[in-house]
Structures are given as C-alpha cells and as structure tokens.
Amino acid sequence: MINGDYILIPIETGYIKPNDTLDCIIKPAKELMQDGDYLVIAETPISVSQNRLVDESKYTPSITARFLATVWSRYLWGYVFGPLLKIKKRTIKNLRKLPKETEAHKEVVLQLYGLKHALKPASEAGIDLSNAPGTFVSLLPENPEKVAVELKNEIDKEVCVMIIDTDATYMKNEKYFTGLPIAIDGIDADNGFFGYVKGQLSKNMGPTPLGCSEKIDVETALKIANIAEDYQKSLSTEMKTIHSVKSVLGSEINAITIEDLDSIIHTPAVIIRKI
C-alpha cells in the first residue's frame with residue numbers, strides 16, 4: 001500500500017497473548033525492514049504481552065464511579081457537554097448507551113489513575129476495552145520507550161521503532177499535549193480530563209506516540225503515527241471501540257474469548273518506508 005511518499009508493509013499475526021514474546025513482530029520485521037524504515041506498533045499488543053491486564057469484574061463500583069458512569073458520562077457528556085463542544089457524533093452516540101459495566105470500569109480508572117483521568121467521559125488513561133478477553137481490559141504499556149529501544153536492538157538495523165496509541169495529541173499555541181498518562185518527549189502528557197477538554201478547543205493532531213527508539217521531533221513522529229493509523233482504519237478487523245467488537249467478532253464485549261480474538265487476523269505493526 002502507498003500513502004503519499006511512503007510505502008506501507010503490514011505485519012500480520014494471530015492474537016498476541018499475555019506473556020507472549022513479540023517474536024511474531026520481530027521476525028518479519030528483521031526480514032522485511034531496511035535501514036531508514038519506521039516500525040509503528042499499536043500499544044495494546046505490547047500491553048497484553050506484558051500481562052498488563054485487569055479484570056474489571058473484580059472491582060466494586062463506588063458512589064463516585066456510579067456517578068461518573070451515569071450522570072457524568074452518559075447524561076451530562078452525552079447530552080450537554082458533548083454536543084456543546086461538538087465532539088464526534090459517534091462518541092456522543094456511544095456515551096448515551098454506556099452499559100452498566102461502565103461503573104466498574106470507572107472504578108478501575110479511579111483506583112489506578114485517579115479522578116483526573118476518570119473524569120474523562122470515555123477512553124480514560126488509554127485503557128483498552130476492545131482487545132482483551134471477557135471482562136479484562138489492558139492498560140498502557142509499561143515503559144514504551146524502553147520497549148521500543150529493545151525491539152530496535154533485536155531487529156538490529158538502523159530503523160526507528162515507535163509505539164502509538166489512538167488517543168489524540170492536540171496542539172494549541174504551537175505546544176503539543178495529550179490527556180494520556182505518557183507520551184514521547186515534546187508532548188505534554190498526563191493531563192487527563194483537563195487535556196481532553198482543552199483538546200476540544202485545539203487542533204487534533206492524530207494518534208499519540210507513546211515511546212520511540214530514537215530522539216525524534218514531534219512533527220515527524222505525528223506524521224508517521226498518522227500514516228500508520230490511516231492504514232489501521234482501512235482494515236475490516238479494526239476494533240477501535242467496544243461497540244465495534246460485536247460486528248467484527250460476533251460476540252458481546254464481556255463474552256469474548258482468547259479463541260475469538262485469535263480467530264481473526266491482527267495487524268499489530270506496520271513498516272513505513274520513504275519512497
């Protein structure tokens with residue numbers, strides 16, 4: 001596939017399971033990559049391989065979590081703040097039909113990341129609900145920059161490895177920021193809800209680079225991250241939200257098994273090469 005001045009080479013795998021190595025990405029990358037290439041990897045396969053999974057059914061929602069899931073997210077953001085700030089219609093639609101399980105999810109966010117992130121109406125702290133089995137969710141990877149450097153060393157070529165999250169980076173007054181807890185140098189991170197609200201009044205720059213094997217300027221990192229995300233959006237198996245899971249796997253979100261996830265082709269990484 002060609003995107004402007006770049007060739008894209010997808011790396012296809014089965015479902016990367018907890019405690020799996022990343023050999024299914026590294027081996028084809030070693031064979032296919034050339035010096036100067038970028039290897040862009042989605043954050044969730046990294047997180048799952050690190051066993052960064054949490055079973056939300058083990059969490060009992062507090063009063064605060066219940067308020068955030070219903071009054072705050074479903075009603076105030078679904079019917080008042082969302083339309084006022086002109087957030088995506090798809091997001092508003094999804095907020096208005098948040099399931100009861102969202103209460104336990106909010107409790108997880110509160111306990112692990114705090115109120116600053118739990119106040120965000122959806123996609124809090126980069127927690128992924130759509131690519132984990134059953135009632136499990138995956139957190140962001142631990143130390144993505146270190147992982148990127150280690151992967152580059154295993155590939156053993158002069159390439160750039162980048163780990164990205166689909167949650168947005170924004171720009172206002174020539175400064176970059178994100179609500180996510182982590183990002184590469186040059187992007188102000190860990191702004192949570194406040195970054196999200198400010199972001200609605202700023203320019204959306206696309207997905208957030210979480211870690212990179214090289215020191216790279218933010219503009220280049222964002223350009224490469226956007227090329228990778230454009231490719232992912234073109235895939236029929238993309239599961240960006242919990243509401244797209246059933247259409248891809250044919251299962252309700254809480255009934256997904258590892259076998260279900262392993263039944264489709266995953267594209268956790270894309271090689272991007274300048275023509």
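A crossing of two helices is left-handed if the near helix is turned anticlockwise from the far one by less than a right angle, and right-handed if clockwise. With that in hand, welcome to this protein, a predicted model in which local features need pLDDT of at least 70, side-chain atom pairs count only at pLDDT 80 or more, and totals for chains, interfaces and linings use all residues. Residues are numbered from 1 along each chain as its sequence is written, and side-chain values use heavy atoms, with hydrogens and water left out.

**The whole protein**

- The secondary structure comes to eleven helices and ten strands; these are DSSP runs numbered from the N terminus, with helices (H or I) of at least four residues and strands (E) of at least two.
- For 275 residues, a compact globule would have a radius of gyration near 19 Å, and the 18 Å of this protein agrees with that. The radius is taken over C-alpha atoms, and the globule rule is 2.2 Å times the number of residues to the power 0.38.
- Along its principal axes, the C-alpha trace spans about 55 × 45 × 30 Å.
- Of the 275 residues, 52% count as buried (buried is under 20% relative accessible area, exposed over 50%, partly exposed in between, with a 1.4 Å probe and protein chains only).
- Among contacts (heavy atoms within 4.5 Å) between residues at least 6 apart in sequence, 74% join residues at least 24 apart.

**Where α3 meets α5**

- The axes of helix α3 (residues 63-85) and helix α5 (residues 102-113) come within 8 Å and cross at roughly 120 degrees, which makes α3 oblique to α5.
- Axes here are lines fitted to C-alpha atoms, for helices over the stretch in contact, and angles run from 0 to 180 degrees between N-to-C directions. Angles under 35 degrees count as roughly parallel, over 145 as roughly antiparallel, 65 to 115 as roughly perpendicular and the rest as oblique.
- The crossing of α3 and α5 is right-handed.
- On the α3 side, the residues in contact include Thr64, Arg66 and Leu68, while those of α5 include Thr102, Lys106 and Leu110.

**Two residues to look up**

- Ile2 lies in strand β1 (residues 2-3) and, at 59% relative accessibility, counts as exposed.
- Leaving aside neighbours within four places in sequence, Ile2 is in contact with Ile7 and Ile275.
- Thr135 sits in the loop between α6 (115-118) and β5 (136-138); its 27% relative accessibility makes Thr135 partly exposed.
- Thr135 and Glu154 are 19 residues apart in sequence and 33 Å apart in space, C-alpha to C-alpha.
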